[in-house]
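Dear colleague,

I am passing this structure on to you, and I would be grateful if you could look it over with the notes that follow it.

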Amino acid sequence: MASTLQSWPEPVVRVQSLSDSGINAIPDCYVKAIYDRPSSLDNISSIEANDIPIINLANLYANDPSIRKTTMDLISDACREWGMFQVINHGVSHHLMAATKRVWREFFHLPLDMKQTYANSPATYEGYGSRVGVEKGAKLDWSDYFFLQFLPASMRDESKWPTQPSSCRELVAEYNEEVLKLCSRLMKIFSLNLGLDEDYLENAFGGEEIGATLRVNFYPKCPQPDLTLGISPHSDPGGITILLPDDHVSGLQVRRDDAWVTVKPIPNAFIVNLADQLQVISNAKYKSIEHRVIVNSNEERVSLAFFYNPRGDIPIKPAEQLIADTESALYEPMTFNEYRTFIRLNGLHGKSQVESLKSPR
């Protein structure tokens, strides 16, 4: 544990420990630039959270074909106009969702020395962490997290998963398997809505050799929530992100028309965020959603982000079927591994990530 902590450029401070200490002012390293703060006037949006699409996935299996078509159209519109939506009746057990979220909340409330046995390093980020990136003096986010690999199976090491609470490993494995099935269903829907074969997107991502990871975020109470963020603005580099939020505390914000909209979670729903590789394959017909997380002074939050990603060594490029005679490919081919390296070395985040891949005209 000591060696992993020493591999960071600066001493690792757990945000939860700062919050629990009763401080009235956050350290400077968490204070964002004025234009990045959630209190900035530029962030105010006239768009209502109620406008965010809510999809009832069960309607895809309705007897009435018009209901099935309407649901497919709603998903297509959400992918093209928002790059995200909330989904209900998705097939994942509500009990499993609640139990998995509960066990992770219990983990973050374990004594610090127990959590520190899972302390991560910047080599893989697997384990218990409080920062991303190795830049000395960087501005940090007001959150702790636990990150683990799920797929490919060769990368999975359950010995790095928490043994306490005792049900954690079993619940995490079951939860990941069920969310993976939901991702597969969504990828088929996305393919059909693009006019592609049902299995096109899954095959383009590597078929049975796709990548999948889970990041569990813990956002402690913050004495100055108007000065910082739980997670800074970004778009996800992979394919799909399935987010299980706290359904009683809002925190996720998505960028819409150059302003931020707070997502109001629905009980037992998932938030589906489209990520950069789907924007590339769809030749920008689908949007990768830029998002961030705000914190508050009254309540902590726990959320689970499941990342469904392409295999790392397959070139990802716009589907040829989507390139019409009057439309050229907007993006150069690049593997997912190359893309992650590219955005890290160039310090890219948010909309600039995927837009930087566009082919010169």
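Strand β7 (residues 240–244) is joined by four bridges to strand β10 (residues 270–274), and the two run antiparallel; strands here are DSSP runs of E with at least two residues, helices are runs of H or I with at least four, and both are numbered from the N terminus. Two strands are taken to pair if DSSP finds at least two bridges between them. Within this pairing, Leu 243 stands opposite Ile 271 in β10. Five bridges join β7 to strand β12 (residues 301–309), again in an antiparallel arrangement, and there Leu 244 stands opposite Leu 304.

Please keep in mind that this is a predicted model, in which local features need pLDDT of at least 70 and side-chain atom pairs count only at pLDDT 80 or more, while totals for chains, interfaces and linings use all residues. Residues are numbered from 1 along each chain as its sequence is written, and side-chain values use heavy atoms, with hydrogens and water left out.

Strand β7 is mostly covered, five of its five residues being buried (under 20% relative accessible area, with exposed meaning over 50% and partly exposed in between, for a 1.4 Å probe and protein chains only). Ile 240, Ile 242 and Leu 244 lie on one side of the strand, and Thr 241 and Leu 243 on the other.

Turning to the aromatic residues, a search of the whole structure finds 15 aromatic pairs, where rings of Phe, Tyr and Trp (its six-membered ring) pair if their centres lie within 6.5 Å, and planes under 30 degrees apart count as stacked, over 60 as edge-to-face and the rest as tilted. The rings of Phe 107 and Tyr 118 have centres 6.2 Å apart and planes at 65°, so this pair is edge-to-face. Phe 107 belongs to helix α4 (residues 94–108), whereas Tyr 118 is in the loop between α5 (112–116) and β3 (127–129); both residues are buried. Phe 108 and Tyr 128 form a tilted pair, at 6.3 Å centre to centre and 55° between the planes, and this pair connects helix α4 with strand β3 across 20 residues.

Finally, Val 354 lies in helix α10 (residues 351–355) and is buried, with a relative accessible area of 3%. Beyond its neighbours within four places in sequence, Val 354 is in contact (heavy atoms within 4.5 Å) with Asp 276, Gln 279, Val 280, Tyr 331 and Tyr 339.

With best wishes
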